[in-house]
Amino acid sequence: MDHTRTPLFSALLAHAERNPIQFHIPGHKKGVGMDPEFRAFIGDNALSIDLINIAPLDDLHQPMGVIEEAQKLAAHAFGADHTFFSVQGTSGAIMTMIMTVCSEGDKIIVPRNVHKSVLAAIIFVGAKPVFIQPARDKNLGIDHGIPTRSVRRALEKHPDAKAVLVINPTYYGVCTNLKEIVDLVHSYNMPVLVDEAHGVLIHFHEKLPMSAMEAGADMAATSVHKLGGSMTQSSVLNVKGNRVNPKRIQTIISMLTTTSTSYILLGSLDTSRRHLALNGREMAERTIELAHYARKQINEIPNLYCFGEEILGDEATYAYDPTKICVHVRKLGVTGFEVENWLREHYNIEVEMSDMYNILCLFTPGDTPENVEILLTALRELSHINDDVVEVKEVVIKVPAIPQLTLTPRDAFYGETEVLPFKDSADRIIAEFIYVYPPGIPILLPGEVITQELIDYIIEHVEVGLPVKGPEDRSVQQVKVIVETQAIF
């Protein structure tokens, strides 16, 4: 295929050049009807292609023209049989995957550290999650991938499940042995769904981990906007093989997608595909080199550690993406959250996320040596922030056991509820989510039994300032639980 072409973006440019008189939405009419300050900042070029699905520009809900051509080019670039553009982010693509293969009451095997969009789809469709515990790194205090042996046990116990979902790479860039898992799951004639939100570059360089499509997965939701240069909220859903019906996928993704699709987002997907297809290997190579340099420099800074290939060696740490720079800060005697705030206040640096022991910096083709040097300068200064620390606390992995799922998430979410103090909620069934965001991993989800261990764990996170979210009470002082039926006798 000719990857120099951008059928959708070229059509947008041609339409803007014709400058037709618009009697359709959006109401700002190329910026004339909007706030002048915002118009001046955004620019008339962008506003001229802020359009809707008029005939010359095709329709994302039933693509038959330039969008269809753009999606075929994307499928070729990503090694897929079919690619669907998403303007609902990767969350929308993930929900599409699950709702395509699951119906009410169906089981789906998923890692416990899934993104909240997975659980949203499970609630929408009324499915039953079967959780696999990811491998925990006791030195770093983070989760890695799911071991093949755990997937095998889940399949043996639940051969009637409709699919297995895998996160690859994880938020921190670590990969499981995806090909081995795909082959195992396919031996049960079951589809494999991959949350590939942080893996767009792995399609374009042999030094990076294997992509979902290369491993033979059936569907993969991939955030082009996170690392691949498109605009925020634009992603793709890649599909391969005949275990899933692409017409069904189109129906589901259309149900989840606004009818007022953003052509600015769609155009950015079309052009990002061109850039990646033509220059992706070179872009990835520069990013990898920059990340290797930063990792080496960070590991020479006292009291800081950035993991690399030395952590590899088992099923759950089969490969890693070096462009994810995870800096372990425990020896400074502060939390990752405190380091994130320090970098913001002292160096105007914003990191991707922080947790109890780490900060995460994403390196992308948009990074420069100059930016990296500023980060390194900041980390060198940071390393002396607590030179007088006498005792360094050990990593304490307090993540409690997966709680008992008593009701399906949907039944709990829509059930009869009451509100009570969170500290007094032990042994009750929760009816809402509690998760840490980013990355959006659930601690409790609707239908699970709250334990005292979980209460203590969540309160500790709140007290140190980590971003615990989900409940209607943002302070996590109150929690919504299922009303208990009184005993007859």
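Q: How many aromatic pairs does the rule give in this predicted model?
A: The count comes to four aromatic pairs, in a model that is predicted.

Q: What parts does the pair of Phe 307 and Tyr 320 tie together?
A: Phe 307 is in the loop between S11 and strand S12 (319-320), while Tyr 320 is in strand S12 itself, so the pair ties together parts 13 residues apart in sequence. Both Phe 307 and Tyr 320 are buried.

Q: What makes Trp 342 and Tyr 347 a tilted pair?
A: Their rings are 5.9 Å centre to centre, with 40° between the planes.

Q: Why does Trp 342 count as buried, and why does Tyr 347 count as partly exposed?
A: Buried means under 20% relative accessible area, and partly exposed lies between that and the exposed class, over 50%. Trp 342 has 11% relative accessibility, so Trp 342 counts as buried. Tyr 347 has 24%, so Tyr 347 counts as partly exposed.

Q: What makes S11 and S14 edge strands?
A: The open sheet has four strands in the order S11-S13-S15-S14, with antiparallel pairing. Strand S11 (305-306) and strand S14 (353-354) each pair on one side only.

Q: How do you know that S11 and strand S13 (residues 324-328) pair?
A: Pairing needs at least two bridges. Two bridges join S11 to S13, and these strands run antiparallel. Tyr 305 has His 328 in S13 as its bridge partner.

Q: Which helices lie across strands of this sheet?
A: Helix H12 (residues 263-298) lies across S11 and S13, at about 10° to S13. Helix H13 (residues 336-347) lies across S14 and strand S15 (358-362), at about 50° to S15.

Q: How do you know that the span of helix H14 is close to the expected one?
A: Helix H14 (residues 369-382) has 14 residues and reaches 20 Å from first C-alpha to last, close to the 20 Å expected at 1.5 Å a residue.

Q: Why are the buried residues of H14 said to be on the same side?
A: The buried residues are Val 372, Leu 375, Leu 376, Ala 378, Leu 379 and Leu 382. They cover an arc of only 160° around the axis, which puts them on the same side of H14. These buried residues pack against H12, S13, H13 and S15.

Q: What makes one side of helix H7 (residues 148-157) the buried side?
A: Thr 148, Ser 150, Val 151, Ala 154 and Leu 155 are buried. They cover an arc of only 160° around the axis, which puts them on the same side of H7. On the other side of H7, Arg 153, Glu 156 and Lys 157 are exposed. The buried residues pack against strand S2 (107-111), strand S3 (128-132), strand S6 (164-167) and helix H8 (178-186).

Q: Is Asn 189 buried or exposed, and is Val 476 buried or exposed?
A: The limits are under 20% for buried and over 50% for exposed. Asn 189, at 60%, is exposed, whereas Val 476, at 8%, is buried.

Key:
Residues are numbered from 1 along each chain as its sequence is written. This is a predicted model: local features need pLDDT of at least 70, side-chain atom pairs count only at pLDDT 80 or more; totals for chains, interfaces and linings use all residues. Side-chain values use heavy atoms; hydrogens and water are left out. Contact means heavy atoms within 4.5 Å. Axes are lines fitted to C-alpha atoms, for helices over the stretch in contact, and angles run from 0 to 180 degrees between N-to-C directions. The expected span of a helix is 1.5 Å times one less than its number of residues. Buried means under 20% relative accessible area, exposed over 50%, partly exposed in between (1.4 Å probe, protein chains only). The arc is that of the directions from the helix axis to the C-beta atoms. Rings of Phe, Tyr and Trp (its six-membered ring) pair if their centres lie within 6.5 Å; planes under 30 degrees apart count as stacked, over 60 as edge-to-face and the rest as tilted.
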